[in-house]
Amino acid sequence: MIYFFYFDGIHSKVPKELNNIAVHDKLDLISWMYGGIISLISFLALFIAFTYENKLVVASQNKSQIYYPYSLSYDDVRLNLINYSKSISKDRILNSIYWIFIVVSFFSIIIWGLVVGWYTNYKFINVKHLTDLGLLHVTILSMWLILSYVLIFICVILNLVRNKKDPLNKGYLPHEYSLINMDYLKSEQADIEEFLFKCSPIIEIIKNPPLSEPKYELNIFFPIKLKNLRFVIKIFDNEKNLKLRVFGVLNKINAVGETYFKILTDDLDININDLGEYSSAEFKFYDNECNLVGLFIAKAQLNNGDFTFVADRKRDVKIVKRDSDYHDIKNKEDEIIEFTYL
């Protein structure tokens, strides 16, 4: 059946059941609800684009680069950690929007449902007598159901964003301190060896005045301080004799990406003449179960009588068949950094 409607004074045949003020009101209701759906979908699209693209996507990319920092320097790793921390920082505005949207959505669904029921006299479908008015009622009900679904869907999306759902991978983005926790990185199957190589400490033996009888400082510097980091560093003289052992456990973290420097002694009691360009150092790193997870080698770098040892070569931990260097840090939970003479 084809109906002709009345537009701009042009007469047409209109069914009596459609030619009344109530029907026009219902048509206005459909238009209003449709406009609401479009507005909410637009808001959702803008919100997801802004939040995911500018924060969570960036954070997820930073996390992946931290797990596998193959082409990064330690400065790059540190920058990724700092950027990750900023990207997942608690957003009070987002949290407020979420709870406001929850309340608004709840009352909107209830109120719009009552309005739909009032407009349709709670008569939605009559299978035996499905008239044009019945179809209109079905359309109004469908629009209300779609709108309710959209509101609930947006609430779910907002909650996922609020809880830092990883947009590029499964699960949620970890807490910022987890990315500097050796136990967590191991559980996530990150490349710990590569990560430690980029963040390994630097040992310095520095000459202090007076120049007539110089004293030497023994310093250790961490470009990035890590949590649950267990290490043993052995320093060898020109004849490959072991002269010093520096060992410790790091646990106290004040900020993600922070550096750490400690003077172990300002009166080093070894014969400096035994050290030279052929001196070397061995860096060993362990997990909580004292399994070797990183082994690096460094040659001495000389500068005006000072010695610096920076890990510059990796070695396969599997070549170490027997290892007892960890006994000084075994079962240690408190943060310690100490050294011994050999």
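Colleague: Why is Ile110 called partly exposed?

Modeller: Ile110 has 42% relative accessibility. Buried means under 20% relative accessible area, exposed means over 50%, and partly exposed lies in between, using a 1.4 Å probe and protein chains only. The value of 42% falls in the middle class, so Ile110 counts as partly exposed. Before we go on: this is a predicted model, where local features need pLDDT of at least 70 and side-chain atom pairs count only at pLDDT 80 or more, while totals for chains, interfaces and linings use all residues. Residues are numbered from 1 along each chain as its sequence is written, and side-chain values use heavy atoms, with hydrogens and water left out.

Colleague: Where is Ile110 found, and which nonpolar patch is made with it?

Modeller: Ile110 is in helix H3, residues 92–120. Helices (H or I, at least four residues) and strands (E, at least two) are DSSP runs numbered from the N terminus. Together with Val103, Phe106, Phe107, Ile111 and Leu114, Ile110 makes a nonpolar surface patch of about 590 Å². Patch members have over 30% relative accessible area and no salt bridge; like charges are joined within 9 Å, and nonpolar side chains (Val, Leu, Ile, Met, Phe, Trp, Tyr) within 5 Å. The areas come from the Shrake-Rupley method with a 1.4 Å probe, and for residues only the protein chains shown count as cover.

Colleague: Why is Lys225 called buried, and which residue is its salt-bridge partner?

Modeller: Lys225 has a relative accessible area of 4%, so it is buried. Its partner is Glu335, with the closest N and O atoms 3.1 Å apart. The pair links distant parts of the chain, with Lys225 in the loop between E2 and E3 and Glu335 in the loop between E9 and E10, 110 residues apart.

Colleague: And what is the nearest side chain of opposite charge to Glu258?

Modeller: That is Lys225, 5.2 Å away. Lys and Arg count as positive, Asp and Glu as negative, while His and the chain ends are not counted. Glu258 is buried yet has no salt bridge.

Colleague: What makes strands E1 and E2 a pair?

Modeller: Two strands pair if DSSP finds at least two bridges between them. E1 and E2 have 7 bridges, in the antiparallel sense, so they pair. E2 also pairs with E5 in the antiparallel sense, over 5 bridges.

Colleague: Last one: why does Ile224 count as buried?

Modeller: Its relative accessibility is 0%, so Ile224 counts as buried. Ile224 touches residues including Tyr74, Leu81 and Glu258, where contact means heavy atoms within 4.5 Å.

Methods. Salt bridge = Lys/Arg side-chain N within 4 Å of Asp/Glu carboxyl O. Lists of a residue's contacts leave out its neighbours within four places in sequence.
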